[in-house]
Amino acid sequence: MKLGLQQSIRALTFCLLLVISQTAWADQQLEEEFPPVEGTGQAEVLEKYRAKFEQLSTELSALQLKIPASISLKTDNFACYFDAPYFAQYRNGNQQYRFLIGRLVILNESQQELSFNPRTVKLSVDGQEYEYQPVEDYKGHATFRRQNRHYNLTELNVPESITVSPGKVASCWIVFNELDPGADTPQLDLNWKIGDRPVSLNLTLSARAQIEWRQEQIGPHGIIAVGTIHGEVNPLNLSTIINQMVDLATKKVARVIIHFDEQAPDPDPHLQQWFELASRMAGQNSTQQSTWEFPPIPSLIQELHLSNFPGNSNYYSGNLAANKHTSLNEAYVAASHGIYQTIPLKDLIEEIRAGHPLSKCAALIYGAIRLPRSFYQEIADIITHSEDSDLQKAALTALAEFPQSQSLEILHQYALDSNEELSQAALISLGSSRFPQHHQALLKMLQNEESIQQQIVKTMANFPRPLWSETLERFAREGDDEIRQEALRALDSLGHPDLRSILTEILEDEDDPLITTALEILSGQDDEQSRQLVINYALNQIRHSYPEPQSLTTITRFRVQRAIPILLPYLNEEHAHRNQVVQTLTTVGDNRIIEPLLDLYPDLNAAEQQTVLRAIATIDEGRFLKFAPEALKSNEQQNISVIISLLQGSASQDAVATLIAMIEELPDESPSKSSLIRSLGGFSNHQSRTFLTKLRDNSTEQISRSAAAALETSYSRSPLSHIYQQALSTLRSGKADLAVKQLTLVLDSDPIYPQALQARAQAYQNLSDYEAALADYLTLLKIDQKWPAAQGSTGQLLTSLSRFEEARGYLNTAIEQEPEKANWYSSRGHVYSMLEQFPEAEADYRKALKIDPDLMTALTGVALSLAINGKIDEAIEQLKQGREKHGDDSIFAYNAACTYARAMEYVVQHPGEFSPEEHKAQIDRLRDSAFEELDRSVELGYQDSKWTQDDPDLKSLRDDPRFAKILKTMNEPKPEDAKTLGLELKP
């Protein structure tokens, strides 16, 4: 019988980076968001979901879509709701997958108890069916976010049963992982049975109803689309938006606005980030969009604007900002740039007269420059008669292009209006106009209209013109402080030659309330004279009183080291600004500040202590390493986090030694110990790995888990990781010889890189160089006796080398370490079989089969054991069952041949159990069956002639001429077996 080393590894879903982790269910905060699995009859919970079902029905009716029975209480008196759906994709190494999760809620208003097994729920993705599979994601690639918190799919428990009593509502998680990837938005359905009743839940339709999307096309020829979200946004109903955009793109609509209704609930922060990224990347044709967690918008959509966007998120920074606007009108005006400047004049006028209100505003703002002077009266009528304030503001803006006296009179009138928005629009129209009449009118208003002088000066600052310089200078020197402030900023915008002298006068008057403004303006100047004015003022201030924030900002900005001896005495004074003093000293200081800061450290608050820690680490790392253990004793969690971060930022061996000493000093129950252990995983050197391995193998369960996780992090962060990843890709492509060279390059630089050793051992195995593979595994075990699969793989290799007694020892250890791994029992069963300890072999094979009923080597191992014991019919039946799943496997065919040969051997040795005719016929049948299976194994790619020739299971066939012929066929050159080389190695 053949062990099937490559198949055994595939059966284990062998993972080179795998570190076994413990599964924990999602935290209580997440569970409490939904009805419990056991159900609840609380009135508020029942009403909440009744309202949700009513909302779905109402929306589907509005969309003129059929209401499915599964979401209507009117059909069977129970309904199903898929709450908190999350449909996303992620990358695991070179593989990309999607997953779907959600909380399946059942509201039971019938008179009967409803029960079903959630693990029998099937998912249909565009007609392709997926069944429940336990999630194994030890690396944590498959994660989701809810309420700004991250969770791993392994934390979600899908129960084996759920029962909903009459009048109650219950829920449970539904999880489908490793779905086929794609940028599309497929049709999703859940299908299962409650009792004998089939239930189907159309997730796509339900999500479409949840978002309550309404859409219209506005502007000339419907050139801009506005979609409004009135309902709930979740990862599943993003497909509604995407599908609508695809439809718009086919209609040649390239600009889209998404408006969030005031009544719509705010999307989760991560969904807000998706909207921002989509807006930012619209029209960029980025190749990275295929790797987004959620589907990207169509590339034909050139602009995406967000109106009334919730929250203050600016998650995605960069050269391109998201197009976010406070109002729909503002969004439409921004989106319509370039349109109204180019459409025919008659179309422009038609839009102003009869277009959509949003289009009217944009047409007035962008198209006013094209309108004839005779159009003035229509604009004036809009201003005086319209009740739409946005339209009025747009018309006032348009008057910037009409220099006649009537236009100026209206602008003057509305500049004095009590409505601040209309007043501001009128002033901006005057200030931004290209006509000198408007500028003169604004200047005249500044001199005569005292009530709006501040607003006028602010307008002038935004549109600086030499005409206004003299008047602005006068206002900067005299009058109301707020007007002076705006005038100073306007002079700054104009680059007025006398501005510095005005600012100097302000700084010389210590009672002048505009000192801060003067300093801000001077700080923004490029000349050395202005800079020195600011620095000297700051130094003078800190000499005479406690440093003010403005002075400290100046000292920090210009790195004024002259301030250090002046600032140090202030450390001993408790003050609201002391933390900023500490921060300033740490920014501009040198080793002179270390000892004073350390002396003061115990008396500082936590925020100040963190600032000191960062400063010392920056200025003198050695001093920081000495002080870190002392600082750790405070048990202040934020301080500990800072210490860890600073230690991780150091590449020195001393930092590792300090960290190890701190870990050893802390008791196991200290909450800081696990944090420090995990931080040690940020180092990829022998010292840290050796300590973590020792800690993992000789500690309590909690500490052991932390050390194991840290080890995994250490290996994944190796600077050689990219070469290792490339080698894995090479190995998967079947180029084992090249993979050996790449992995050797990694190991030359880092001889204790376990993943690389394991991968190179696998490459050697693919090249049938078992001795070299064994050497790598033995080296790996010297580094880490508990490295996942290393003991068992070593045992399998020794088996391939016919070193069965040695192999048994490693497999015994593998079983001790991983008692639920079927593969190790099957491999040890094979060893026992080769040692002709058949009862022990059968026991191991059956144990393996109990753990994994589909394990091929265990199926054939049991069949072989039955044949050896003379239970030939049972052995053949066992093969028949295994052939249904493994019929195309070369190793299965080879092991089937071994089974038939052992059965024939039994018949030969027990002639008394058969009549003479039956005896010979049975021998011939079994021999022929054995050769048929051997031939088939060769056809399927089996080539190991040496093992075949020496295999004791086949010794009864060796004298048959067909045996030599098969050996010859195996030895003939042929292409590499892609199946054998196609490893499922995970990065």
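**Charges on display and in pairs**

Tutor: Let's start with E510, which is exposed at 70% relative accessibility; buried means under 20% relative accessible area, exposed over 50%, and partly exposed in between (1.4 Å probe, protein chains only). This is a predicted model, where local features need pLDDT of at least 70, side-chain atom pairs count only at pLDDT 80 or more, and totals for chains, interfaces and linings use all residues. Residues are numbered from 1 along each chain as its sequence is written, and side-chain values use heavy atoms, with hydrogens and water left out.

E510 sits in the loop between helix 19 (499-508) and helix 20 (515-523); helices are DSSP runs of H or I with at least four residues, numbered from the N terminus.

Now to the pairs: the model has 47 salt bridges, each a side-chain nitrogen of Lys or Arg within 4 Å of a carboxyl oxygen of Asp or Glu. One of them joins R484 to D481, at 3.3 Å from N to O. These two are 3 residues apart in helix 18 (residues 481-494), so about one helical turn separates them. R484 is buried at 9% relative accessibility, while D481 is partly exposed at 33%.

Another salt bridge links R623 and E595, at 3.2 Å from N to O. Because R623 lies in helix 27 (residues 621-632) and E595 in helix 25 (residues 594-600), this pair ties together parts that are 28 residues apart in sequence. Both partners are partly exposed, R623 at 26% and E595 at 39%.

Finally, K920, D924, R927, D928, D960 and R962 are linked in a network of salt bridges.
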